[in-house]
Amino acid sequence: MSAPQQPVGTKVTQRRYVPYSHAHYAGNLVDGAYGLGLFGDVATELCILTDGDEGLFASYDDVQFRAPVRAGDVVEATAELVRAGSRSRRMAFTLTVVARGAATPESPGSASLLDPPLVATTATGTVVVP
């Protein structure tokens with residue numbers, strides 16, 4: 001396939017609730033791999049949008065874990081196309097916590113929106129398409 005049909009700067013965002021089944025550590029912390037998995041999902045969607053193919057992840061680099069992700073959070077994973085070669089696609093990723101559970105014994109389902117949202121993870125990565 002030829003160069004992407006969408007320009008550099010094209011973004012894809014997906015929003016997810018982080019289930020309690022993903023908590024691995026005290027304080028309901030979720031491991032960093034959870035966010036990297038979401039980055040793979042938004043990279044796939046971005047490749048479908050720009051190239052009509054799911055693509056294959058080649059590498060991550062400059063992964064930064066900036067804030068904790070907890071079970072009960074609502075997160076947004078964003079991929080932005082920052083460079084397009086003949087087969088490679090360079091992307092920038094951000095995982096942002098937009099809402100956080102605030103359970104108490106009196107109100108176990110309590111949660112609140114975060115304003116501003118909390119940047120939890122950033123990374124860059126390369127995906128290849130046929």
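This is a predicted model: local features need pLDDT of at least 70, side-chain atom pairs count only at pLDDT 80 or more; totals for chains, interfaces and linings use all residues.
Local features require pLDDT of at least 70 and side-chain atom pairs pLDDT 80 or more, while totals for chains, interfaces and linings use all residues. Residues are numbered from 1 along each chain as its sequence is written, and side-chain values use heavy atoms, without hydrogens and water.

The UniProt record, an unreviewed entry, annotates residues 8-130 as "domain: HotDog ACOT-type". Its positions follow the numbering used here, feature names are shortened, and annotations may be inferred rather than shown by experiment. The span is 15% helix and 53% strand. Its end C-alpha atoms lie 18 Å apart. Helices (H or I, at least four residues) and strands (E, at least two) are DSSP runs, numbered from the N terminus.

Strand 1 (residues 11-17) runs antiparallel to strand 5 (residues 74-84), with 7 bridges between them. Pairing requires at least two DSSP bridges between two strands. Strand 5 also pairs with strand 6 (residues 88-101), antiparallel, over 10 bridges. These two strands form a hairpin, with 3 residues between them. Val 75 of strand 5 stands opposite Arg 16. In strand 6, Val 75 has Val 97 as its bridge partner.

Gln 14 belongs to strand 1. Its relative accessible area is 19%, so Gln 14 counts as buried (under 20%; exposed is over 50%, partly exposed in between; 1.4 Å probe, protein chains only). Leaving out residues up to four places away in sequence, Gln 14 touches Asp 41, Val 42, Glu 45, Val 75, Glu 76 and Ala 77 (heavy atoms within 4.5 Å).
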